[in-house]
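Hello,

I am passing a structure on to you, and my notes on it follow below. Please have a look at it before you read on.

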Amino acid sequence: MRLLRAAITPRTKIVYLPTPNNPTGTANSAAEVEAFARDLPPHVLLCVDEAYAEFLDPSAVPDLRPLIAAGRNILCCRTFSKIYGLAGLRVGYGYGPKPLIDLLQRARQPFNVNAIAQAAAPPRSTTRITSTARAPSTPRVETSRRWSAKTRP
Ligand SMILES: Cc1ncc(COP(=O)(O)O)c(C=O)c1O
């Protein structure tokens, strides 16, 4: 994180931080990510890829919502492809300050989540930003667990 911070210049536009990272599996601590986000200069957008967040102990998941609520330039991205076993359906969500979400909404392609992905995605009520890997035990998760147990070498 120290080196990443040192690499930021006035010309830096986006810092992309996948934590936990794929394929190394390494994760920064919640405190490290929160401090890093707090210290970023305002001209930089921090994009935190939280694709594997649900596999962490919930206490280890950074909570950037207070900074986002304060209008900081932060976008967090989540996918359902890992925790719900929906790889390839390209369905998930992001959260960030309203002006940034408004911009993304204007730039995104129409119908960018197809009908199959929408049908497979968990209902809104079961998705939580700080959800746990002791994944919600829905039939979909159970099927996906059985499938990965069978196919894992
Ligand atoms: C760290 C990370 N972010 C994002 C993605 C993309 O997820 P999706 O399947 O929703 O495109 C992956 C998928 O491999 C990933 O490993």
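What covers the buried residues of α2? The cover includes α1 (2-6), β2, α3 (65-69) and β3. Two residues are in contact if their C-beta atoms, placed from the backbone, lie within 7 Å.

A word on the basis first. This is a predicted model, in which local features need pLDDT of at least 70 and side-chain atom pairs count only at pLDDT 80 or more, while totals for chains, interfaces and linings use all residues. Residues are numbered from 1 along each chain as its sequence is written.

The protein chain holds six helices and four strands, in the order α-β-α-β-α-β-β-α-α-α along the sequence. Helices (H or I, at least four residues) and strands (E, at least two) are DSSP runs, numbered from the N terminus. Of its 153 residues, 19% count as buried; buried here stands for 20 or more other C-beta atoms within 10 Å of a residue's own, exposed for 12 or fewer, and partly exposed for anything in between, with C-beta atoms placed from the backbone.

Back to helix α2 (residues 30-39): its buried residues are V33, F36 and A37. They fall within an arc of 95° seen down the axis of α2, so they line one face of the helix. That arc is taken from the directions from the helix axis to the C-beta atoms. A31 and D39, on the other side of α2, are exposed.

Next, strand β3 (residues 74-79). Five of its six residues are buried, so β3 is largely enclosed by the rest of the structure. Strand β2 (residues 45-49) runs parallel to β3, joined by four bridges, and strand β4 (residues 92-95) pairs with β3 in the antiparallel sense, also over four bridges. Strands pair if DSSP finds at least two bridges between them. C76 of β3 stands opposite V48 and has Y95 as its bridge partner in β4.

The largest nonpolar core has 11 residues, including V33, F36, V48, I68 and C76. Such a core is a set of buried Ala, Val, Leu, Ile, Met, Phe, Trp, Tyr and Cys residues joined through C-beta atoms within 7 Å. α2, β2 and β3 each give two or more residues to this core. A second, separate core of five residues includes F80, Y84, L86 and V91.

Finally, the ligand: among the residues surrounding it are D49, T79, S81 and R90, where a C-beta atom, placed from the backbone, must lie within 6 Å of the molecule.

Best wishes
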